[in-house]
Amino acid sequence: MAQRFDIAVVGAGLAGRLMALALDHAGFSVVQIDRASTAAIPDDGRTTAIAYAGIRLLKRLGLW
């Protein structure tokens, strides 16, 4: 039987993951689709700058 979701988030970068978590936290059933699993992506040493609005969202989700 096929599984059904309310929302599909395409992309598993910082924005996509945060969006999927926020939607799940809001009660939606969410599937996240990315071209490769994170285990297959080598660490390339990049860093991420998070804007204040992003920090507020992370705090609201209990992730900060």
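Predicted model: local features only at pLDDT ≥ 70, side-chain atom pairs only at ≥ 80, totals over all residues.

User: In what order do the elements of the chain run from the N terminus?

Analyst: Helices (H or I, at least four residues) and strands (E, at least two) are DSSP runs, numbered from the N terminus. Here the order is β-α-β-α, with 2 helices and 2 strands in the chain.

User: How many bridges join strand 1 to strand 2, and do they run parallel or antiparallel?

Analyst: Two strands pair if DSSP finds at least two bridges between them. Strand 1 (residues 7–10) and strand 2 (residues 30–33) are parallel and joined by 4 bridges. A8 lies opposite V31, and V9 has Q32 as its bridge partner.

User: Which hand does the β-α-β crossover have?

Analyst: Point the strands away from the viewer: a crossover is right-handed if the path from the first strand over the helix to the second runs clockwise. In this chain the path leads from strand 1 through helix 1 (residues 14–25) to strand 2, and the crossover is right-handed.

User: Which residues of helix 2 are buried?

Analyst: Buried means under 20% relative accessible area, exposed over 50%, and partly exposed in between (1.4 Å probe, protein chains only). In helix 2 (residues 52–60), the buried residues are G54, I55 and L58. These residues lie on the same side of helix 2 because they cover an arc of only 100° around the axis, taken from the directions from the helix axis to the C-beta atoms. Y52, K59 and R60 are exposed, on the face turned away from the buried side.

User: What covers the buried residues of helix 2?

Analyst: Contact means heavy atoms within 4.5 Å. The cover includes helix 1. For the chain as a whole, buried residues make up 19% of the 64 residues.

Conventions: Residues numbered from 1 in each chain as written. Heavy atoms only, no water.
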